[in-house]
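Welcome, and please open your viewer. We will go from the whole chain down to single side chains, one selection at a time.

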Amino acid sequence: MIKNLVLQNKVSNRVLLNTRLYQLRKLGLLKDTNLSSFVKKIVFISGIFTNLIKNILTKLLYLITIYFIIDKITTYNPSIFINSYIFLALFGAIINSKILKTSKSKYHNVILLNMDCKSFTISDVFSSIVFGTIFQFITFIIFNSYLKLSFSTIILLTIFYMTIKIVGEGFNILYYKKTNKTFLTNTVLYFTVLGLIFLSLILTSVFKVYISNQILIYSVIILSVLSIFSIVYIFSIDNYKHIYKRVMNLGSYSDGTQLSREEVYSINKEYATHVKYNKNPYKYFNNIFIKRHSKILLKPIVRETILISILALILIIFMFNNNEVMGEVRKYLPEYFNVLFLIIHILNKSYMVTESMFTNCDRSMLTYDFYKEKEVINNIFKERLKSLIKINCLPIIAISVFVTTILIICGYKLNIELFLIPFMFICLSAFFTTYHLMMYYLLQPYDKDSNVKDLKAQILNMIITFILLFMIKFKIKLFILEMIIIPISLIYIGISIYLVRKKATNTFKIKH
């Protein structure tokens, strides 16, 4: 296992170094191809440092979010934070399995380098848990001036994090072995568990039932015993490579061309219907991609839409039954209305979809000359844009309806401002969708191995995120905001379509 961990680390380091060098050359900061070992070490160390800061900031942002929500709903109480952290860690351990999670690292090491899959899995999972635990402890210490936790509580919560992660991995692999499905694909079970966890969190907070250090000690002891069983079970599995191929859909991952018998039958049937009723081959081509990737496209979006609807309905019920909640919503919703723009950006799946488009479709199709013709590029772009706008709008429509309803309940008059809210949100969602798809066609951020991304695209994404964060505190009348966002979004979409039509024949290609 140690040998495989060292090899895995070498592969990851090499990918990291080459990625950083490629990005720096694309920005024009590096021109010399024959770099000294010293320069390479500096670039590599900067990459390691960046990833380290990224991991710590991610963990820190998680704690800040929990703290911020508690502080806004009620007066901050360390006991409520402990309850929230434990219940959320439990849910995270169930839904966020490292063993069953797809990644480029697994593809490179297991499939391309043919590393022993069992050794890779064990080293990958447990090294991730160990480093995650260390980062979690560091962020607890950094943010503890606000959290106000005792050092013993921090130690117990850190151990709880580690043990629940190990138990979660054992649970996920056991569930997969029993059902041949991942937990996330079972929507009913997913929402049942989510509902029970949130109900438990709400009830413990309402009735002031708090988890003490003594209860934490007993929980850690029980989880430690379960962790031993999980570790033994994880070590007992021998067919991890078969599991990876099924989870990652590697029958089509390598070149995007191999189809199952059921898919071939479905496509042939659809083609017969298409020939009879529809003469648009680009729409047919796009529909095949959407259908084949429905699990990663539609299921997460449907799940998020249902979750948003449930949370909004719970909030509305609380508003009708509790004047204090009504007052808090009436106070904070207008003040933090612009947070919804950041949520719309986060919910948008276009960035993830473009990666799948390249890996499972365009990487193969771009080897054919006809696929790089102007007419083909423009028509497929148009069909993709229409499909992605429709898909990404599902949760946005839910947000629009519930935000408008809540504002009406809070006493806002029925006027043009309220009726324009859904249209503004949909335009903003279409803006983000168009942006990501345009960046994909004009920058083409992936190389032939799908493992290097253009730094310019990442910088632009960061700029948009910073703008949205800045807008949270930006105060402006709702009607003026609508009159700014709606026209700008529509104009941007038009300009993006024009730029793709004019430039994509030169930019949409495989980079070497």
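Of the 512 residues of the chain, what percentage count as buried? The figure is 45%, where buried means under 20% relative accessible area, exposed means over 50% and partly exposed lies in between (1.4 Å probe, protein chains only). Before going on, note that this is a predicted model, in which local features need pLDDT of at least 70 and side-chain atom pairs count only at pLDDT 80 or more, while totals for chains, interfaces and linings use all residues. Residues are numbered from 1 along each chain as its sequence is written, and side-chain values use heavy atoms, with hydrogens and water left out.

**Whole chain.** Switch to cartoon: the chain holds 20 helices and zero strands. These are DSSP runs numbered from the N terminus (helices: H or I, at least four residues; strands: E, at least two).

**Helix 2.** Select residues 37-73 and find I70 in this helix. I70 counts as buried, at 6% relative accessibility. Leaving aside residues up to four places away in sequence, I70 touches Y76, N77, I80, F81 and S84; contact here means heavy atoms within 4.5 Å. The C-alpha atoms of I70 and S84 are 8.9 Å apart, and the two residues are 14 residues apart along the chain.

**Helix 3.** Now select residues 78-95. With 13 of its 18 residues buried, helix 3 is largely enclosed by the rest of the structure. Then zoom in on N77, which caps the N-terminal end of helix 3: a side-chain oxygen of N77 lies 2.9 Å from the backbone nitrogen of S79.

**Aromatic pairs.** Next, show the rings. Rings of Phe, Tyr and Trp (its six-membered ring) pair if their centres lie within 6.5 Å; planes under 30 degrees apart count as stacked, over 60 as edge-to-face and the rest as tilted. By this rule the count comes to 25 aromatic pairs. Take Y67 and Y76: their ring centres are 4.7 Å apart and their planes at 50 degrees, so the pair is tilted. Both Y67 and Y76 are buried.

For another geometry, pick F370 and Y371, whose centres are 6.3 Å apart with planes at 80 degrees, so this pair is edge-to-face. F370 is partly exposed, with a relative accessible area of 42%, whereas Y371 is buried, at 2%.

**Last stop.** Select K475 and Y336: K475 lies over the face of Y336, at 6.0 Å from the ring centre. The rule asks for NZ of Lys or CZ of Arg within 6 Å of the ring centre and within 35 degrees of the ring normal.

Conventions: Polar contact = N/O pair within 3.5 Å; in protein donor to acceptor, adjacent residues only side chain to side chain.
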